[in-house]
Amino acid sequence: MGFLKNSFIFLSILPFFPFLLVYFIHYWRKQNKKASLKLAMDVTTLFLIISVSALFNLTFDSKFGFYLILLLLLIAIGLIGSAQTRIKGRIDIQKMAKVIWRMSFILMGFSYLIFTLIGLFKYIIITMS
């Protein structure tokens, strides 16, 4: 059990690693770049959510990071569900989940970079003073 916990922690700290791992393994087995990219994005999103929430908590000395991300995901579900209802008259849950999950990958990837840079600059400033 300790190995699984340590592996999960490692993959959460370096979320680009599971992306590359899943992409290359899937591409090696299926020879389909598009499917490999989508699967890698889907798997990595979970690790990015955990990483970004931890980075948010460290950057802002908070314990609200995960709940903020969860709140934003719920708001996105509501907005996209509402738009689907207005446009199509029904909600396609599978399509909505894919859209939100892939949007989360992009936003969490960008947030990961921003919070990592902020943390790095914060560390440099604290170390130099």
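Tryptophan 101 lies in helix α5 of this predicted model. Its relative accessible area is 28%, so tryptophan 101 is partly exposed. The C-alpha atom of tryptophan 101 is separated by 9.8 Å from that of valine 43. Along the chain, these two residues are 58 residues apart.

Arginine 102 is also placed in helix α5. Side chains of opposite charge can pair when their charged atoms come close. The side chain of arginine 102 meets that of aspartate 42 in a salt bridge, with an N to O distance of 3.0 Å. This pair links distant parts of the chain. Aspartate 42 belongs to helix α3, and 60 residues separate the two partners. Aspartate 42 has a relative accessible area of 24%. Buried means under 20% and exposed means over 50%, so aspartate 42 falls in between, as partly exposed. The count of salt bridges comes to one.

Methionine 103 is a further residue of helix α5. Its relative accessibility is 38%, and methionine 103 therefore counts as partly exposed. Methionine 103 and alanine 76 are 27 residues apart along the chain. Their C-alpha atoms are separated by 9.5 Å.

The overall fold is built from helices. The protein chain holds five helices and zero strands. Read from the N terminus, the order of elements is α-α-α-α-α. The C-alpha trace spans about 60 × 40 × 30 Å along its principal axes. The chain has 129 residues, of which 29% count as buried.

One of the buried residues is valine 52, at 3% relative accessibility. This value is under the 20% cut-off, which means that valine 52 counts as buried. Valine 52 is located in helix α3. In sequence, valine 52 and glycine 65 are 13 residues apart. In space, their C-alpha atoms are 7.6 Å apart.

Aspartate 92 and glycine 119 are 27 residues apart in sequence. Their C-alpha atoms are 39 Å apart in space. Aspartate 92 sits in the loop between α4 and α5. With 26% relative accessibility, aspartate 92 counts as partly exposed.

Pockets were examined next. The largest pocket holds about 270 Å³ of space. Its lining comprises 15 residues. Ile69, Leu72, Leu73, Leu107 and Met108 lie nearest the centre of this pocket. Three helices each supply at least two residues of the lining: α3 (33-60), α4 (65-88) and α5 (93-128). Helix α5 gives the most, with seven residues. By residue class, the lining of the largest pocket divides into twelve nonpolar, three polar and no charged residues.

Backbone geometry was considered last. Most residues other than glycine have a negative phi. Glutamine 31 has a positive phi, near 60 degrees. This residue lies in the loop between α2 (16-30) and α3. At 52% relative accessibility, glutamine 31 is over the 50% cut-off and therefore counts as exposed. Aspartate 61 likewise has a positive phi, near 45 degrees. Its place is in the loop between α3 and α4. Aspartate 61 has a relative accessible area of 73%, so this residue is exposed.

Definitions and conventions
Residues numbered from 1 in each chain as written. Predicted model: local features only at pLDDT ≥ 70, side-chain atom pairs only at ≥ 80, totals over all residues. Heavy atoms only, no water. 1 Å grid on protein atoms, 1.4 Å probe; cavity = no way out; pocket = protein on both sides within 12 Å on 5 of 7 lines; lining within 4 Å. Points joined across faces, edges and corners; volume = space filled by probe spheres on them. Helix = DSSP H or I, 4+ residues; strand = E, 2+ residues; numbered from the N terminus. Nonpolar A, V, L, I, M, F, W, Y, C, P; charged D, E, K, R; others polar. Salt bridge = Lys/Arg side-chain N within 4 Å of Asp/Glu carboxyl O. Buried < 20%, exposed > 50% of the residue type's maximum accessible area, 1.4 Å probe, protein only.
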